[in-house]
Structures are given as structure tokens and as C-alpha cells.
Amino acid sequence: METEKSVKETAINMPEIKSDDKAKAPLLNSSKAIAVTVEQPNRGSKKGIASGDFVLRLFAMGAALGAAVTMGNNQQILPFFTQFFEFLAQYNDITTFVYFVTANAAVAGYLFLSLPFSVICINRPLATTPRLVLVIFDTVMMGITITAASASASMVYLAHNGNQNTMWLPFCQQFGNFCQTASGAVVGSLIAGTFLIFIIILSAFALK
């Protein structure tokens, strides 16, 4: 009887160890380890995307600025003239080309001003606010670039081929250099718009 009592007392006096306490420590440690391992690759990939964004901005700025300067300096004077007339073609003779120069110059200026924000995204790849601001303005500037290039491309097409229905005669046979320069400027603007599209796609992946 005494032996049974001592066994019961021993069983009663033993401190209870909760199973929850045993399970909590390894779970917490594992969750922290998972968070660290997931955050590091995510940070590295977003930093790489931000670096690519910066390079594409430089290319897009160069293309837009080149298109604006090329079209803005576009003019041609025919070698023959009369006492009262001089055959001169300038970009500001066509309103669409004036819009083209203004739009591409504005886009180039915006891309230059956006470079510091792109650097911030490189140094802080997990920050979403500067990236979101850039995406909004990039989309607007991409639309402006594409519309300017498309409108000018239609004018270049008319200059090369004319329109028989409206009796618009092509004048690129006389002003060949003017038309070639305008075509090159339009191509540069389309390249800038393409770079902006890739920038927006990269920003979408970074935000995701």
C-alpha cells in the first residue's frame, strides 16, 4: 500500500509538459527561416528588374530626343526658284509634325526627370510607391509617343503616295530628303514607344 501511494504521489507531483509548448518553438523558427529565404530572392529579382528599367529609360530618352531633334531640323530648299517664289519645305508647315516634335521633346524631358525615381527603385527594390507613380506616368507618355508617331506616319504616307480621291498629290518626288528625314524621325519615335512598353511590362512584374 505504501508503495502504491508513493507512486501516485510521484505521478501527481510531476510537472506537466504541454505539447503545444514543444511544437511552438520549431514552428516559429521554421517560419522565420522561410521568410528570410523567400525575401532575399524576391529582393534580388526586383533589383535586377529596376536596373533593366533604368537602362531602358536611357534608350527610350535617346530615341525620343533624337526623333524630336531630327524632325525639328527637317527642311529642304529646292535648287530652283523664281524671283518671287522659293520652294521650301519645313516641319512647321505641317501641324502634325509640330505636334510630333512637341510630344517627343516632352517625353524625352519626362524620361530624364524619371531617372532619379528609377535609381530609388534600384536602391529600394521592395518600395511600391515610386514604382506605381512611374507606371502611371509611363503609360501616359507611351500613349503620347505612339499617337504622335502614328499621326506623323500617316502624313509621311500621304507625302509619299498622295490620295487620288481627294486629289492630294505626292510631293516626296520633289522633296525627297525632307520625306526621308521625316520617315527616320517617325521610326525613332516608334522605337521610343516600344521601349516604354517594355518599361511598363517590367514595372508590372516588379509590382507583382
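UniProt positions are given in the numbering used here, feature names are shortened, and annotations may be inferred rather than shown by experiment. This is a predicted model, where local features need pLDDT of at least 70, side-chain atom pairs count only at pLDDT 80 or more, and totals for chains, interfaces and linings use all residues. Residues are numbered from 1 along each chain as its sequence is written, and side-chain values use heavy atoms, leaving out hydrogens and water.

Q: Which residues does the UniProt annotation "transmembrane region" cover?
A: Let's start with the record. The annotation comes from an unreviewed UniProt entry.

Q: How far apart are the end C-alpha atoms of helix 3?
A: Helices are DSSP runs of H or I, at least four residues, numbered from the N terminus. The expected span is 1.5 Å times one less than the number of residues, so the 29 residues of helix 3 (residues 95-123) should span 42 Å. The end C-alpha atoms agree with this, at 43 Å apart.

Q: Which residues is Phe195 in contact with, leaving aside neighbours within four places in sequence?
A: Phe195 sits in helix 5. Its C-alpha is 9.0 Å from that of Ala63, 132 residues apart in sequence. With those neighbours within four places left aside, the contacts of Phe195 are Leu56, Phe59 and Ala60.

Note on methods
Helices (H or I, at least four residues) and strands (E, at least two) are DSSP runs, numbered from the N terminus. Contact means heavy atoms within 4.5 Å.
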